[in-house]
Every structure is written in structure tokens, then in C-alpha cells.
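Here are some friendly notes to read alongside the model. Keep the structure open and find each residue as you go.

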Amino acid sequence: MDGSETGWGRQAEPAPRWRALLDRARLAGRGAEHPDVDHRAEETPAPPPETLPRRAAGTGWTGRAQAVARPADASFGAEPAYRVEATYRVEPAYRVDPRYGGEPAYQAEPAYRAEPEPRAEPSWRAEPVRQPEPDYPEPQARGRGTASVESRYALLDSGYQPDPPPAESRYALLDRGRYRPETHPAPEPARIEPPRIEPARVEWRAPEPETELERAAGVLRRELGGPRVLAFANPKGGVHKTTATVLAAATVGSVRGRGVLAWDDNELRGTLGLRAGSARHARTIRHLIHDLAQIEILEGATLLEHLDDYLRHASDGSYDVLAGEESPRFAQRLDQFTVKRVLELLRRTHDVVCVDTGNNVESPNWRTVMQAADQLVVTTVPREDAAFSADWMLDLLHEEGMGELADNAVTLISCPTPGRTPLQDDLERHFATRTRAVAVVPYDPALETGSSIEYHQLQAETRQGWLRAASVMLEPFAR
């Protein structure tokens with residue numbers, strides 16, 4: 001307790017330095033300029049209390065030794081000693097204000113309580129520790145004798161062991177008639193259920209309609225009922241007879257894969273051998289006729305092997321080529337009988353024979369091919385002179401007694417230009433009245449140069465047009 005009195009009637013000790021600093025901070029700079037007005041001066045001073053003996057030196061505040069400080073640096077001025085300002089006055093007596101309730105006593109925080117240790121789960125129980133059994137001293141015999149008397153619990157203490165049963169003979173059970181062999185019932189055989197076979201379900205679905213190209217390819221794959229000869233004819237030149245012969249053989253051969261041949265039966269320097277097939281040799285129809293007698297007597301694979309020496313093959317192997325002779329004097333040797341022998345030989349080795357006829361309708365080879373043909377193909381272009389020549393040829397066939405061949409013919413119109421002309425429509429309507437069918441094949445720039453014909457280099461539209469045209473030619477013979 002601070003103040004002028006201790007509360008027990010004795011003189012209080014001088015106020016410590018920290019008290020002066022605290023009072024100075026409370027005054028907030030108020031000194032002699034703003035002296036506090038002492039309202040208690042008017043009150044009647046209390047009589048001084050009796051002087052109490054001082055505390056002994058070495059205790060409290062008065063007995064403290066002076067602090068030993070380091071010598072001050074001479075370059076700096078010594079700090080002025082602290083002086084209590086004049087405005088601070090120690091009150092002679094301190095009276096406790098009855099209204100002052102005193103500072104609340106510091107309450108220490110409750111002591112830290114350690115968390116209780118977790119209890120073991122009730123399901124787990126520690127096994128009890130087995131205590132060693134105490135050794136009990138053996139009882140001493142009563143009386144004077146030195147012999148020990150065995151305890152009644154001796155057997156229990158040392159462990160009771162019953163006497164083993166007497167040995168019994170192995171045949172004891174048989175002698176007493178008590179033995180019964182164990183009989184185990186025979187296990188029932190496992191029952192294997194046959195697999196369940198569900199009845200077959202027949203579901204009918206309407207077949208998807210074939211496209212036009214699929215139907216056309218199907219016609220070319222069918223059996224033809226024997227070898228067939230297709231004659232491409234028109235007395236006028238430049239109407240795509242050679243081109244039609246090569247592309248028809250290439251189209252049928254690309255679908256069937258083998259057995260197709262193109263023959264140049266032009267008596268005046270035909271160009272089919274130049275536009276189709278690989279020139280692996282220079283043999284022509286002239287060389288074949290020269291050795292025809294030796295080849296006709298061959299059969300089977302031997303015939304094919306010897307005939308192959310006179311034929312040329314397409315680059316993809318889809319069809320063969322029998323080239324015509326370039327010498328104009330050779331035409332005199334192609335008489336009717338020779339042409340029949342060549343056609344008969346080719347029918348023995350190939351299924352489809354495409355013949356490029358010449359321009360002379362009076363020649364024996366032209367008439368012989370017309371008489372032996374199974375299908376006549378009238379080639380033309382959308383021009384009036386070409387159409388007039390084709391129309392005149394049909395009239396000639398009717399006069400020569402081959403009207404049925406003319407009526408069942410197929411008119412093939414090849415477009416030499418990309419566009420479609422009004423004359424083409426007129427020609428299609430006209431030849432539809434004179435022949436069995438009319439087929440139109442589109443223009444292709446690869447055919448315009450007149451060079452070698454490569455089927456796989458044609459446009460897709462061109463190949464599709466020739467596929468439809470070839471199916472129309474062979475449709476009457478498909479089985």
C-alpha cells in the first residue's frame with residue numbers, strides 16, 4: 001500500500017522513483033505553470049502519528065546499494081541527475097478515500113489440467129499376469145520318527161496320472177462279435193445337365209436393294225453358258241470401234257479376272273495392238289495363222305502355253321490381245337475358212353472374245369465374224385454421218401438374213417466431247433427403236449490423245465459408264 005501511512009499507524013516509506021515517473025505521466029506535462037489545486041488544504045490536518053522504528057539496512061528500499069555504472073564517455077555531456085519537479089509534493093499524510101474500493105487482486109489462472117489418459121477399449125483386455133505358485137514346504141512328520149508321511153494331496157500336487165488301460169488284443173472285437181465294418185454309401189454320380197440349346201430364331205429381313213453398279217458387276221461375274229463372241233462394227237471409221245473393243249475387254253476382264261481376249265480383225269492396218277497390251281513381242285495374227293495347224297491339235301494347259309506365245313497382255317493382266325497385221329497384203333489370206341478356225345481356237349481358251357471388225361462389209365472376214373457373233377455392238381458418236389452409217393449397216397444385216405442379230409444388237413454411243421448435244425437425244429430415241437438397248441459412255445480426256453489405253457487411269461465416271469455398258473452386252477447370256 002502506497003501513501004503517507006502504512007495503515008497500521010506507522011510512518012510510510014518514501015515514495016519510490018517509479019511512483020514519481022507515474023505521477024509525472026499522469027500530469028501530462030503539467031508543472032509549475034499549471035499547479036494542481038489542493039482541495040484538501042482546507043481540511044483540518046490530522047495529528048502526526050507516532051514515529052515507528054525504521055527497517056534495518058539491507059532490506060526494503062533504503063538499504064539498497066548504489067548501482068555500479070560504467071564511466072561516462074568524456075565526449076558526451078553527463079546526463080543531468082533526475083530531480084523531482086517542484087510541483088511534486090509529498091503529502092504529509094495519505095488518507096484512503098473511502099470511496100476507493102482498491103485495485104482488484106490478481107487472480108492467478110487456473111492450473112493446467114492434463115488431459116485424462118485414454119481408456120483402453122472394453123473389448124481389449126490385458127491378459128492377467130500369471131503369478132508363480134508359491135512353494136509350499138513339505139509337512140514334517142509329527143512325533144519322534146524321522147520318516148516323512150506322504151500328504152493326501154501329493155498326487156494332486158505332482159499331477160494326477162491315471163493308469164493306462166490294459167493292452168487289448170487286436171482281435172478282441174472280432175472275438176466278441178462287436179466289430180462292424182464301416183460302410184460308406186456309394187456317392188451318387190454327379191448329375192450333368194445337358195447344355196440348354198435355345199431354338200434357332202429365323203429372322204427375315206428384306207434384302208437391301210442393289211445399286212446399279214453392284215447389279216452390273218454381278219451380271220459380269222455370272223456364268224455365260226459357254227464362250228461368247230462380241231462383234232464391234234460400223235462401216236465408218238473414227239467411230240470408236242477400237243476404243244470400244246479395248247475398254248469392253250478391260251471392263252469385263254477387271255470383273256471376271258481372266259478369260260477375256262480382244263482381237264483386231266481389221267484387214268487394213270488395225271491399231272488395236274498399239275493401243276492395248278504390252279509389246280513384249282511383235283507377233284500378230286499372221287504368225288498365229290502360220291502355226292495354226294500345229295496349235296489346233298493341242299489340248300488343255302499345253303494349248304494355253306503355246307497360244308500365249310502369240311498373244312500380248314494388258315498391263316494389269318486382266319485381258320489378252322491378238323494384234324492385227326500391219327501389212328495390207330495379208331488381208332487376202334484372211335478367208336472365211338481361216339477366220340472360222342481362229343475363232344474356234346479362241347473359244348477353246350477364252351470365255352469372252354471381243355472382235356474389232358474392219359470397215360469393209362464385203363470382205364470375207366467381216367461377214368464371217370458377223371455370222372459367228374453372239375452379240376453385235378453398233379458403235380457410233382453423236383454425229384449424223386456416223387449414225388447414218390450405223391443405220392445403213394443394220395439394214396444390210398436384215399437383207400443378208402441376219403435380222404435377228406441386228407434386232408438384238410446394242411447401240412453404244414461414245415461422247416467425244418464433255419457436253420451433251422441435242423443430236424445425242426435424237427440418236428438415243430432412234431436406235432432404241434432399232435436395237436435391243438442403247439448405252440452411253442461419257443467423255444474422258446485420257447482417251448482423246450489416241451495413245452495407249454490404261455483402264456485404271458480413266459476417271460471413275462468413265463469406268464462406271466463402261467461397267468453399265470458391258471453388263472448390258474452380256475446380260476442375255478448371264479445364268
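1. Ser 471 sits in helix H15 (residues 460–474); helices here are DSSP runs of H or I with at least four residues, strands are runs of E with at least two, and both are numbered from the N terminus. Ser 471 counts as buried because its relative accessibility is 3%: buried means under 20% relative accessible area, exposed over 50%, and partly exposed in between, using a 1.4 Å probe and protein chains only. Setting aside neighbours within four places in sequence, Ser 471 is in contact (heavy atoms within 4.5 Å) with Ala 216, Val 219 and Leu 220.

2. A word on how to read this. This is a predicted model, in which local features need pLDDT of at least 70 and side-chain atom pairs count only at pLDDT 80 or more, while totals for chains, interfaces and linings use all residues. Residues are numbered from 1 along each chain as its sequence is written, and side-chain values use heavy atoms, leaving out hydrogens and water.

3. Next, strand E5 (residues 352–357): six of its six residues are buried, so E5 is largely enclosed by the rest of the structure. In a regular strand, side chains alternate between the two faces of the sheet. On one side of E5 lie Val 352, Cys 354 and Asp 356, and on the other Val 353, Val 355 and Thr 357, all of them buried.

4. Which strands pair with E5 in the parallel sense? E1 does so over five bridges, and strand E2 (residues 260–265) over six bridges; pairing requires DSSP to find at least two bridges between the strands. Cys 354 in E5 is the bridge partner of Leu 230, and Ala 262 stands opposite Cys 354 as well.

5. The largest nonpolar core has 44 residues, and Trp 263, Leu 288 and Leu 322 are among those touching the most other members. Such a core is a set of buried Ala, Val, Leu, Ile, Met, Phe, Trp, Tyr and Cys residues joined through side-chain atoms within 4.5 Å. Helix H12 (residues 384–399) gives the largest share of this core, six residues. A second, separate core of 36 residues includes Leu 247, Val 321, Cys 354 and Tyr 455.

6. Back to H12: its buried residues include Ala 386, Leu 394 and Leu 397. Among the elements covering the buried residues of H12 are strand E1 (228–233) and helix H14 (422–432). After H12 comes Gly 401, with a positive phi near 85°.
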